[in-house]
Every structure is written in structure tokens, then in C-alpha cells.
Amino acid sequence: MSKAVKSKRNERKRNDLGSLIRSEFSLIIGAVTAAIFLWFGSRLVENLEHPAATGVIFIWLFVAVLWSAISVVRHADCLAIKCGEPYGTLILTLSAITIEVMMISAAMLHGKNNPTLARDMITSSIIICRASTPISMPSWR
């Protein structure tokens with residue numbers, strides 16, 4: 001093989017890896033956030049004496065959860081388009097239900113008796129799923 005062909009192949013591999021990292025950056029951020037909170041446990045959110053630190057942690061978690069949820073819905077939508085009508089609807093429905101179950105499970109593992117938290121979690125998951133999926137209008141012709 002010539003040097004030009006090898007350099008083109010190496011450049012394409014680098015571009016493919018960079019493209020993959022850019023498209024799946026939300027997965028990396030979500031995994032790093034989960035690992036940090038698993039490692040430190042509740043020590044990050046226990047200290048409420050410093051409102052600035054609490055605000056930064058809140059914004060960090062809010063962005064990570066929202067970005068990850070929208071990314072899941074985007075991936076499910078792409079799979080639904082590729083799979084076609086009956087399976088695509090099933091994939092979108094299962095992804096929405098999975099997000100809801102995970103959010104409700106996280107609320108139940110919280111440990112405190114707060115009945116409005118589950119309701120708020122369901123409402124937020126519905127808002128996330130409805131806001132990020134395109135609405136296809138039926139044709140009446």
C-alpha cells in the first residue's frame with residue numbers, strides 16, 4: 001500500500017473515533033457522574049453550609065440527568081426510524097417506560113416518605129419524553 005492510502009485510512013479512523021466520542025459524549029458524562037457519586041456517596045450533598053457548592057452540584061446533576069435522558073430518547077428515535085412501524089413504536093415506548101421506572105426507583109431509594117416526589121418524577125419523565133420526541137401527524141387524506 002502506498003503512503004497516501006495508509007494516511008487516508010489512519011485519518012478516517014481518527015475521524016471515526018472523534019465522531020463517536022462527540023456523539024456519545026453524554027454517555028461519558030453520565031458514567032463519570034455516576035462513578036463520582038457512587039465513589040463519594042452522599043458526602044457531596046450532605047454539606048448544605050455552602051450554598052454555592054450546593055448550587056454547582058445541583059446544576060451539574062440537573063444537566064447530566066437531562067442530557068442523558070434526551071440522549072436516550074434520541075437514540076431510541078433513531079432505532080425506531082431504522083426498525084420501522086411496529087417495532088419502532090415498541091422501542092420508543094419501552095425507552096420512555098424505562099426512563100420513568102429508573103426515576104421512580106431513584107425516588108423510592110431516597111428513603112424518606114415523600115408521596116409527591118413520585119408524582120413529580122412521573123411528570124418530569126413525561127415532559128422529557130414528550131419534549132424530545134418528534135410528533136408525527138396522521139394524514140387524513
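This is a predicted model: local features need pLDDT of at least 70, side-chain atom pairs count only at pLDDT 80 or more; totals for chains, interfaces and linings use all residues.
Which residues does Ser 95 touch, not counting residues up to four places away in sequence? The partners are Val 72 and Ala 76, where a contact means heavy atoms within 4.5 Å. Residues are numbered from 1 along each chain as its sequence is written, and side-chain values use heavy atoms, with hydrogens and water left out.

The chain contains six helices and zero strands, and from the N terminus its elements follow the order α-α-α-α-α-α. Helices (H or I, at least four residues) and strands (E, at least two) are DSSP runs, numbered from the N terminus. Of the 141 residues, 15% are buried; here buried means under 20% relative accessible area, exposed means over 50%, and partly exposed lies in between, with a 1.4 Å probe and protein chains only. The chain exposes about 11400 Å², of which carbon and sulfur atoms supply 69%, the areas coming from the Shrake-Rupley method with a 1.4 Å probe, and for residues only the protein chains shown count as cover. Among contacts in the chain with a separation of 6 or more, 54% join residues 24 or more positions apart.

To return to the opening residue, Ser 95 lies in helix H5 and is buried, with a relative accessible area of 13%. His 75, placed in helix H4, is 20 residues from Ser 95 in sequence and 9.4 Å from Ser 95 in space, C-alpha to C-alpha. With a relative accessible area of 29%, His 75 is partly exposed. Arg 74 is also found in helix H4 and counts as partly exposed at 39% relative accessibility; from Arg 74 to Leu 92 the separation is 18 residues in sequence and 9.6 Å in space, C-alpha to C-alpha.

Glu 24 has its place in the loop between helix H1 (3-23) and H2, and is partly exposed, with a relative accessible area of 23%. The C-alpha atom of Glu 24 is separated by 8.5 Å from that of Ser 71, although the two residues are 47 apart along the chain.

The aromatic rings come next. Three aromatic pairs are found in the whole structure, where rings of Phe, Tyr and Trp (its six-membered ring) pair if their centres lie within 6.5 Å, and planes under 30 degrees apart count as stacked, over 60 as edge-to-face and the rest as tilted. One of these pairs is formed by Phe 25 and Trp 67, which are tilted, at 5.7 Å centre to centre and 55° between the planes. This pair links distant parts of the chain, since Phe 25 is in helix H2 (residues 25-40) and Trp 67 is in helix H4 (residues 51-83), 42 residues apart. Phe 25 is partly exposed at a relative accessible area of 38%, and Trp 67 is partly exposed with a value of 38%. The rings of Phe 58 and Phe 62 have centres 6.0 Å apart and planes at 25°, and the pair is therefore stacked. Both of these residues lie in helix H4, four residues apart, which is about one turn of the helix. Phe 58 counts as exposed at 55% relative accessibility, whereas Phe 62 is partly exposed at 48%.

The last topic is the open space. Rolling a probe the size of a water molecule over the atoms shows where empty space is left. On a 1 Å grid over the protein atoms alone, a pocket is an open set of points with protein on both sides within 12 Å along at least five of seven lines, and lining residues have an atom within 4 Å of a point. About 1500 Å³ of space lies in the largest pocket, a volume being the space filled by probe spheres set on the points, which are joined across faces, edges and corners. Its lining comprises 34 residues, of which Leu 61, Val 65, Met 103, Ala 106 and Met 121 lie nearest the centre. H2, H4, helix H5 (85-108) and helix H6 (115-132) each supply at least two residues of this lining, and H4 gives the most, with eleven. By residue class the lining divides into 23 nonpolar, ten polar and one charged, with Ala, Val, Leu, Ile, Met, Phe, Trp, Tyr, Cys and Pro counted as nonpolar, Asp, Glu, Lys and Arg as charged, and the others, Gly among them, as polar.

Methods
On a 1 Å grid over the protein atoms alone, a cavity is a set of points where a 1.4 Å probe fits but cannot get out, and a pocket is an open set with protein on both sides within 12 Å along at least five of seven lines; lining residues have an atom within 4 Å of a point.
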